[in-house]
Amino acid sequence: MNTESIVSRVNTIFDKTKADLIDLVAIPSVSAASFDQAELDRSAEWIAGKARALGLDTQVIKIETESGLVGRPAILATRPAEPGKPTVLLYAHHDVQPPGKSELWDSEPFLAQERDGRLYGRGAADDKAGVLLHLAAIEAADPGVGITLFIEGEEEVGSPTFVDFLNTYKDTLKSDVIVVADSNNWKVGVPSLTTSLRGVCQLDVNISVLDHALHSGMYSGPTLDAVTIAARLISTLHNDAGEVVVEGLEQRDDTSVDYPEADLRKDMGLLDGIELAGTGSLTSRLWTKPTITVIGMDVTPTDIASNTLIPAVKMTLSMRVAPGQDSREAAEALEKHLLSHVPFNAHINVQLNEAGPSFQAKTASAATDLAKWALRTAWDVEPVDIGVGGSIPFISDLAEVFPDAEILVTGVEDPDTRAHSENESLHLDDWKKAIIAESLMLSRLGE
């Protein structure tokens, strides 16, 4: 099938595909345990119905691990390859983040609304657009390649049964090329392949100085409160330039993509006058250098504060690890730093909660060349190899279980998407081009 025919087919089905995405966004499939998990079942069955309509052999699976952990519903749908043709695994996830604060949304989070060429709604981009991207590409292409559609239901809660799922259904999932539609494009109008991902570590840190709270007027002076101790400890993690200075963490400044500072400030929504932190290229600071962020702290709220020395505090640190460094090794380096730098000999306890691996793709392969051709053809611009500062640990799991498969990390998000935040949105024209690109790639693989 030639390029013009595929573009025509995508254009023909696009309005239907957009309507399907709106219907899928309307199912609040939040995988966080505090939300109604029946909505995940409803979302999975909706997708399974669409896959069956495309002629795929489809099942909805809740895997149970040997430890008794029950997975959230995943869709596994297959179509065998014609003789001599490869098999492609298409991955996305149908679970979404909680909607956040309703007053910060400009429209209802689960009632997708189109405005100025973008579709707003929770999951409209991350990652229900990826789900419909795969379904539409399967419908638009006629490649004869084998198709394995794997739509996960627990990515937003850390994919706790992912490896068990891979090992249990390894024979079914085995493929020549894996396409993960859960990442970003460089910007609106410029497509990308994601070639590196930082690893992630999350640690809880408990600091205590007293066995009970004390009147601050009577006892302040001989000891600092636990929050001040924590603040002083946090300040040791970075130098005056904002660069991470934990010994043992790898630092890489080898990216070649230019990110103009004005664009970064706009994309981040950085307030006027705020100085940028770190050193080196902006893309290396975003993609390949380590970062440490305080993402939570248990402190007395101001509306119930009293004049007391706070005896203990708990904080959660999130660290992003340079591609290529072992995440557990990095976590050990951070723990060692915290234990050796806590001031005034305060009591400290550090617990590792998460250590997700980084990912470094092969930048020279037949599948990569094909994907870049398809992106270039669909967008009519040169695609960009990017890194992503965020982590998708399951991609490393895929690489470990299927070492011979070529993994392509694509996506439909852009700097204005605001995934995980209020007013998440999808750029519809770029989404259509992504469907065209994947359809072209599937068709060319079949040749």
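**Terms and the values behind them**

Colleague: Why is Met297 called partly exposed?

Modeller: Met297 has a relative accessible area of 32%. Buried means under 20%, exposed over 50%, and partly exposed in between, with a 1.4 Å probe and protein chains only. The value of Met297 therefore falls in the partly exposed class. This is a predicted model, in which local features need pLDDT of at least 70 and side-chain atom pairs count only at pLDDT 80 or more, whereas totals for chains, interfaces and linings use all residues. Residues are numbered from 1 along each chain as its sequence is written, and side-chain values use heavy atoms, with hydrogens and water left out.

Colleague: In which strand is Met297 placed, and what do Val294, Met297 and Val299 form?

Modeller: Met297 belongs to strand β11 (residues 291-298); strands are DSSP runs of E with at least two residues, and helices are runs of H or I with at least four, numbered from the N terminus. Together with Val294 and Val299, Met297 makes up a nonpolar patch on the surface, whose accessible area is about 190 Å². Areas come from the Shrake-Rupley method. Patch members have over 30% relative accessible area and no salt bridge; nonpolar side chains (Val, Leu, Ile, Met, Phe, Trp, Tyr) are joined within 5 Å and like charges within 9 Å.

Colleague: What makes the patch that contains Glu329 negative?

Modeller: Its members are Glu250, Asp326, Glu329, Glu332 and Glu335, and Asp and Glu count as negative. Glu329, in helix α10 (residues 327-341), is partly exposed at 40% relative accessibility.

Colleague: How do you know that Glu139 and Lys16 form a salt bridge?

Modeller: The term requires a side-chain nitrogen of Lys or Arg within 4 Å of a carboxyl oxygen of Asp or Glu. The closest N and O atoms of Glu139 and Lys16 are 3.2 Å apart, so the pair qualifies. Glu139 is in helix α3 and Lys16 in helix α1 (residues 3-25), so the bridge ties together parts 123 residues apart in sequence. The whole structure holds 14 salt bridges.

Colleague: How far apart are Arg42 and Glu39 in helix α2?

Modeller: They are 3 residues apart in helix α2 (residues 38-53), about one helical turn. An α-helix has 3.6 residues a turn, so residues three or four places apart point the same way. Arg42 is partly exposed at 45%, whereas Glu39 is buried at 17%.

Colleague: What makes helix α13 largely enclosed by the rest of the structure?

Modeller: Of the 19 residues of α13, 16 are buried, so the helix is largely enclosed. Helix α13 (residues 428-446) reaches 27 Å from its first C-alpha to its last, close to the expected 27 Å. The expected span is 1.5 Å times one less than the number of residues.

Colleague: Why is Asp116 called exposed, and what is its phi?

Modeller: Asp116 has 82% relative accessibility, so it counts as exposed. Its phi is near 55 degrees, a positive value in a residue other than glycine. Most residues other than glycine have a negative phi, and most peptide bonds are trans.

Colleague: What kind of peptide bond joins Asp126 and Asp127?

Modeller: The bond is cis, with omega about 5 degrees. Asp127 lies in the loop between β5 (118-120) and α3.

How values were computed. Accessible areas come from the Shrake-Rupley method with a 1.4 Å probe; for residues, only the protein chains shown count as cover. The place of a charge is taken as NZ of Lys, CZ of Arg, CG of Asp or CD of Glu.
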